[in-house]
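Here's a quick tour of the fold. Have the model open as you read.

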Amino acid sequence: MCQMKTVEQRDARLNYQRETARKMLFRREEEERLRNKIRADHEKALEEAKEKLKKSRDEIRAEIQTEKNKVAQEMKKKESKPLPPVPVPNLIGINSEDPTDKDIREKRDKIKEMMKHAWENYRQYGWGHNELKPIARKGHSTNIFGNSQMGATIVDALDTLYIMGLHDEFREGQDWIDKNLDFSVNSEVSVFEVNIRFIGGLLAAYYLSGQEVFKLKAVQLAGKLLPAFNTPTGIPWAMVNLKSGVGRNWGWASAGSSILAEFGTLHMEFVHLSYLTGDPVYYNKVMHIRKLLQKMDRPNGLYPNYLNPRTGRWGQHHTSVGGLGDSFYEYLLKAWLMSDKMDTEARKMYDDAIEAIERHLIRKSNGGLTYIGEWKNGHLERKMGHLTCFAGGMFALGADGSRDDKAGHYLQLGAEIAHTCHESYDRTTLKLGPEAFKFDGGLEAVAVRQNEKYYILRPEVIETYWYMWRFTHDPKYRQWGWEAAQAIDKYCRVSGGFSGVKDVYSSSPAYDDVQQSFFLAETLKYLYLLFSNDDLLPLDNWVFNTEAHPLPVLHLANTTLSGNPAYR
């Protein structure tokens with residue numbers, strides 16, 4: 001027995017030694033194979049390097065560019081997943097006949113000429129940059145667009161070009177967007193500004209022209225904004241890095257708060273994104289914000305401008321219908337209009353908010369001018385901003401459907417705000433309105449501080465003239481709009497485009513040397529529409545986002561919206 005065990009142990013030992021020897025041999029062969037491969041690769045790399053050294057710098061650059069293009073094309077293929085086919089809403093009023101009145105037609109042609117001047121100079125001196133410096137004749141950008149060239153003026157101007165029949169210019173813009181608009185950049189952008197200008201602009205261009213590239217780009221960009229909603233409350237950060245998805249808030253906003261007008265001005269675009277993609281994620285994000293706001297206490301029924309996205313608590317109690325607050329109220333009304341008046345929850349929130357604003361913020365000056373002040377910590381500041389002047393148009397737009405048969409009251413309120421804002425223009429040297437104006441003592445509708453005397457080509461006053469014209473056809477609104485157009489052409493036009501001015505009370509003002517993208521998106525569009533027939537983008541069928549990009553009403557009868565999972 002013992003002898004058998006010894007034989008077995010010897011055999012096992014011999015097997016082990018043989019196996020070890022075999023493994024060592026295999027390892028040596030592997031190492032030799034690897035050495036040969038490294039030697040061959042090294043020799044090949046040396047040969048390639050020698051070949052490269054024979055090439056010119058231009059040839060090497062061309063090769064690198066070819067490789068880059070290949071990578072870009074691969075990424076493009078991955079990103080350009082086809083979207084599900086969705087029936088386009090019933091689009092009415094994309095085109096219109098020329099006005100029959102010769103004087104009105106000539107005025108409209110002048111606005112079109114101003115648009116061509118702005119566009120052609122941007123194309124020549126700022127192409128691909130976000131905006132134009134028309135005096136320095138070079139590109140311009142601000143921190144809202146991050147550090148990359150995203151062609152903000154191109155995207156913002158597209159629908160204006162289309163409406164004006166400038167189709168060659170529109171195609172130039174489309175071509176740039178198709179080939180160059182890239183959202184995979186390491187750039188920190190404003191969620192609000194990118195939503196209203198880029199997503200709004202791309203969606204409007206898609207609906208007007210039917211070109212799929214605009215829809216695809218809008219959806220790609222929206223996906224890059226979604227990480228901004230990754231906060232404890234679901235209230236998005238003000239800024240997000242398009243590459244990393246990291247978000248943060250403006251350093252100056254009350255104790256790290258998000259801003260009412262920013263997180264409250266996403267609804268229109270996000271509803272359309274869910275409609276076009278069939279993906280409820282966008283709709284759910286904005287409805288979550290709405291539900292959260294509905295649960296919160298509101299001091300005096302007013303919405304403060306600041307909300308902390310970490311704690312879900314209001315920041316300082318500052319309420320404004322101007323900057324920081326304005327478009328939140330606008331989008332409550334427009335959510336209702338865009339839903340074919342089915343979203344009654346949005347309408348109720350709008351009516352409640354406007355009643356509180358009337359009670360606490362709207363006053364009449366000693367000189368009889370109706371104005372909207374700002375509520376700051378229990379005190380009404382008797383000052384109104386140029387941005388607040390949009391509210392005249394909003395009151396008129398919301399008059400039909402208001403509570404207690406108050407349609408006449410709100411149309412009248414819109415007219416009074418339009419009159420006050422016209423006075424702010426009329427009481428300046430240039431007949432252009434200041435950034436903000438006071439109602440203190442003897443001074444009314446006049447800017448007092450030097451840093452409030454500028455005009456940066458803003459659209460809000462002209463926007464209100466257009467809405468008031470559509471609802472009343474009172475010729476004074478066209479007259480006031482023409483006064484503003486003439487003043488812009490006289491004092492803001494330079495050979496390289498249009499520039500803002502630093503002091504509207506000076507007969508020879510300094511320029512700020514910026515042609516804002518919203519000048520092409522909004523100011524010139526509203527002027528053109530003011531001198532067009534009402535059947536061009538009729539308000540029963542189109543709702544304009546806060547950057548004047550028209551989006552169609554989603555009539556349940558002629559879309560599959562009711563079957564869309566986002567709306568069940």
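Trp375 sits across from Leu380 in strand 12. That's in a predicted model, where local features need pLDDT of at least 70, side-chain atom pairs count only at pLDDT 80 or more, and totals for chains, interfaces and linings use all residues. Residues are numbered from 1 along each chain as its sequence is written, and side-chain values use heavy atoms, with hydrogens and water left out.

Strand 11 (residues 374-376) and strand 12 run antiparallel, joined by three bridges. Strands here are DSSP runs of E with at least two residues, helices are runs of H or I with at least four, and both are numbered from the N terminus; two strands pair if DSSP finds at least two bridges between them. The open sheet has three strands in the order 8-11-12, with antiparallel pairing. Strand 8 (318-319) and strand 12 (379-381) are the edges: each has a single partner strand, so one side of each lacks a neighbour in the sheet.

Leaving out residues up to four places away in sequence, Ile111 is in contact (heavy atoms within 4.5 Å) with residues including Met164, Trp482 and Phe531.

## Gly173

Gly173 belongs to helix 5 (residues 167-180). Its relative accessibility is 0%, so Gly173 counts as buried (under 20% relative accessible area; exposed is over 50%, partly exposed in between, with a 1.4 Å probe and protein chains only). Beyond residues up to four places away in sequence, Gly173 touches Trp119, Trp127, Ile154 and Leu158.
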